[in-house]
Amino acid sequence: MITSDKDKAVPGSAVREGESVRVLIPRERLKKRIKELARKIRQDFPDEPLHLVGVLKGAVFFLADLARQLPGEVSFDFIAVSSYGDGIHSSGQVRLTRDLDASVEGRTVIVVEDILDTGMTMQYLLSIFQQRKPKHLRVVALLDKPDRRVTAVQADYVGFRIPNEFVVGYGLDYAERYRNLLDVGVLTIGKAAKPKVVKRRTNRKPAKP
């Protein structure tokens, strides 16, 4: 598990009244770890064209930075799923809201996910991908929250393992806010701020590589 920066918080102007965000993984550590992940992926597939499939919306920043660290031929596509919950807890009911633009048959596919927690979303996505007959299928998750897992799904490449706290920033959101924060932080909601019912993608001790 990584060590959080307990004394660091995002600027107050970026946070709504009744909410606070404490930095868990600073941007420098994100950059370093993503470079390491890219190196490992390319070592495993040294001569393969890689087809990165980002899970919208949370994985956009991660995919962009990962791709820039990958030498060789790389292509992109995106897929989106959603579930309903209170903004912090998912219902576990997943549905496809945006499909791929191109076939993945015979390709080396790297599914790029921002966070793996219950595993329900990834289990659903993997069942879709496996039916489409890729040459290789791997999962890279920037964050892994193993305490939340309810399926046997695991990522092949993991950036950081984190505690069971609600995190935002670097693409991750709360009610579509905080995605633009450059660090990953823990969101705390005060008593006066009650979570709203929002449409939200399922996947979301300090983190360790």
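These legends describe close-up views of a predicted model.

Residues are numbered from 1 along each chain as its sequence is written, and side-chain values use heavy atoms, with hydrogens and water left out. Because the model is predicted, local features need pLDDT of at least 70 and side-chain atom pairs count only at pLDDT 80 or more, whereas totals for chains, interfaces and linings use all residues.

View 1. Helix H1 covers residues 27–44. Helices are DSSP runs of H or I with at least four residues, strands are DSSP runs of E with at least two, and both are numbered from the N terminus. The expected span of a helix is 1.5 Å times one less than its number of residues. H1 has 18 residues and should therefore span 26 Å, and its end C-alpha atoms are 26 Å apart, which agrees. The buried residues of H1 are Leu-30, Arg-33, Ile-34, Leu-37, Ala-38, Ile-41 and Arg-42. Buried means under 20% relative accessible area, exposed means over 50%, and partly exposed is in between, using a 1.4 Å probe and protein chains only.

**View 2. An open sheet of three strands.** The strand order in this sheet is S1-S9-S8, and the pairing is antiparallel. Two strands pair if DSSP finds at least two bridges between them. Strand S1 (19–25) and S8 stand at the edges with a single partner strand each, so one side of each has no neighbour in the sheet. S1 and S9 run antiparallel and are joined by six bridges. Within this pairing, Arg-22 stands opposite Val-186 in S9.

**View 3. The aromatic pair Phe-61 and Tyr-170.** Rings of Phe, Tyr and Trp (its six-membered ring) pair if their centres lie within 6.5 Å; planes under 30 degrees apart count as stacked, over 60 as edge-to-face and the rest as tilted. The model has two aromatic pairs by this rule. In one of them, the ring centres of Phe-61 and Tyr-170 are 6.0 Å apart and the planes are at 70°, so the pair is edge-to-face. Phe-61 lies in helix H2 (residues 60–69) and Tyr-170 in the loop between strand S8 (167–168) and strand S9 (184–189), so the pair ties together parts 109 residues apart in sequence. Phe-61 is partly exposed at 33% relative accessibility, while Tyr-170 is buried at 7%. Tyr-170 also has a phi near 55°, a positive value in a residue other than glycine.

**View 4. The aromatic pair Phe-166 and Tyr-174.** Why is the pair of Phe-166 and Tyr-174 edge-to-face? The ring centres are 6.2 Å apart and the planes stand at 85°, so the pair is given that name. Phe-166 is buried at 9% relative accessibility, and Tyr-174 is buried at 4%.

View 5. A salt bridge is a side-chain nitrogen of Lys or Arg within 4 Å of a carboxyl oxygen of Asp or Glu. The count by this rule is 15. One of these salt bridges joins Arg-177 and Glu-19, with N and O at 3.1 Å. Arg-177 is in the loop between S8 and S9 and Glu-19 in strand S1, so to speak of distant parts of the chain, 158 residues apart. Arg-177 is buried at 17% relative accessibility, and Glu-19 is buried at 12%. A salt bridge also joins Arg-22 to Glu-165, whose closest N and O atoms are 3.4 Å apart. This pair links distant parts of the chain, with Arg-22 in strand S1 and Glu-165 in the loop between strand S7 (157–161) and S8, 143 residues apart. Arg-22 is partly exposed at 22% relative accessible area, and Glu-165 is partly exposed at 29%.

View 6. The closest N and O atoms of Arg-98 and Asp-101 are 3.1 Å apart, and the two residues form a salt bridge. Is Asp-101 buried or exposed? Asp-101 is exposed, with a relative accessible area of 63%, whereas Arg-98 is partly exposed at 28%.

View 7. Lys-57 lies in the loop between strand S2 (50–56) and H2. The peptide bond from Leu-56 to Lys-57 is cis, with omega near -5°. Ala-175 is found in the loop between S8 and S9. The phi of Ala-175 is near 55°, a positive value in a residue other than glycine. Ala-175 counts as partly exposed, at 28% relative accessibility.
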